[in-house]
Amino acid sequence: MQLRRRSLLLGGLAAGLPLPAFANAPTGRELALVNLHTGESLKAAYWEAGAYVPDALTAIAKVLRDHRTGQVHPIDPQLLDLLTVLSGRLETKKSFQVISGYRSPQTNAKLHAKSAGVATRSLHMDGKAIDVRLPGVQLASLRDAALALGLGGVGFYPREQFVHVDTGPVRRW
Ligand SMILES: [Zn+2]
């Protein structure tokens, strides 16, 4: 677990997001989240003075844990960057409402059995995907902003009222 966390962190630091994405946020990166299943929320300055803040990443991973099993898994810092850029583009300071963050293999298998929309090998299991909505922002606007970034996968779920974003290959559904 420790090794995996380290490699995720290094991966995020080495690759990072294209700088223009952060042109309007030069000083730090802050993310506000509320987990709709647990009611837990946080506002974390997870990037400061040119580096990711380990304590903040730990706190975020806890809020985004698999609420069904309680398992905590590191979250890809680039996914957090993606959300930060999104809220910047949409000019909102509201908290992302999180429907699903990390999913353990057990939970994913259960959800897959119930719904064809859940992949067998989901990026949620790697801490690289999140299902969110933003209060005050049309779901289609959130989807379009995510697509415009061209940074990973974007899934649109109007019936369930969320948008899935991930840091995998660029694709849409
Ligand atoms: Zn998802």
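**Close-up 1. Aromatic pairs in the predicted model.** The count of aromatic pairs comes to 2 in this predicted model. Y46 and Y52 are both buried. The other pair is Y157 with F162. Here the centres lie 4.6 Å apart and the planes are at 25 degrees, so this pair is stacked too. Y157 has 18% relative accessibility and therefore counts as buried. F162 counts as buried because its relative accessibility is 10%.

**Close-up 2. Surroundings of Y46.** Neighbours within four places in sequence are left aside here.

**Close-up 3. The largest nonpolar core.** This core holds 35 residues. L33, Y46, L83, L86, F96 and V165 are the members that touch the most other members. Several elements each supply at least two residues of the core. The strands are strand 1 (28-35), strand 2 (41-48), strand 4 (96-100), strand 5 (129-133) and strand 7 (162-166). The helices are helix 2 (54-63), helix 3 (77-89) and helix 5 (139-149). Helix 3 gives the largest share, with 6 residues.

**Close-up 4. Arginines over aromatic rings.** R29 sits over the face of W47, 3.7 Å from the ring centre. R143 lies over the face of F156, at 4.2 Å from the ring centre.

**Close-up 5. The zinc site.** Three protein residues donate to the zinc ion: H124 through NE2, D131 through OD and H164 through ND1. These donors lie 2.0 Å from the zinc ion. Their spacing in sequence reads H-x6-D-x32-H. H124 belongs to the loop between helix 4 (105-114) and strand 5, while H164 belongs to strand 7, so the pair ties together parts 40 residues apart in sequence. H124 counts as buried because its relative accessibility is 2%. At 7% relative accessibility, H164 therefore counts as buried as well.

Notes: Residues are numbered from 1 along each chain as its sequence is written. This is a predicted model: local features need pLDDT of at least 70, side-chain atom pairs count only at pLDDT 80 or more; totals for chains, interfaces and linings use all residues. Side-chain values use heavy atoms; hydrogens and water are left out. A nonpolar core is a set of buried Ala, Val, Leu, Ile, Met, Phe, Trp, Tyr and Cys residues joined through side-chain atoms within 4.5 Å. Buried means under 20% relative accessible area, exposed over 50%, partly exposed in between (1.4 Å probe, protein chains only). Helices (H or I, at least four residues) and strands (E, at least two) are DSSP runs, numbered from the N terminus. Contact means heavy atoms within 4.5 Å. Rings of Phe, Tyr and Trp (its six-membered ring) pair if their centres lie within 6.5 Å; planes under 30 degrees apart count as stacked, over 60 as edge-to-face and the rest as tilted. A charge sits over a ring if NZ of Lys or CZ of Arg is within 6 Å of the ring centre and within 35 degrees of the ring normal. Donors are N, O and S atoms within 2.8 Å of the metal (3.2 Å for Na, K and Ca); water is not among the atoms, so sites may look incomplete.
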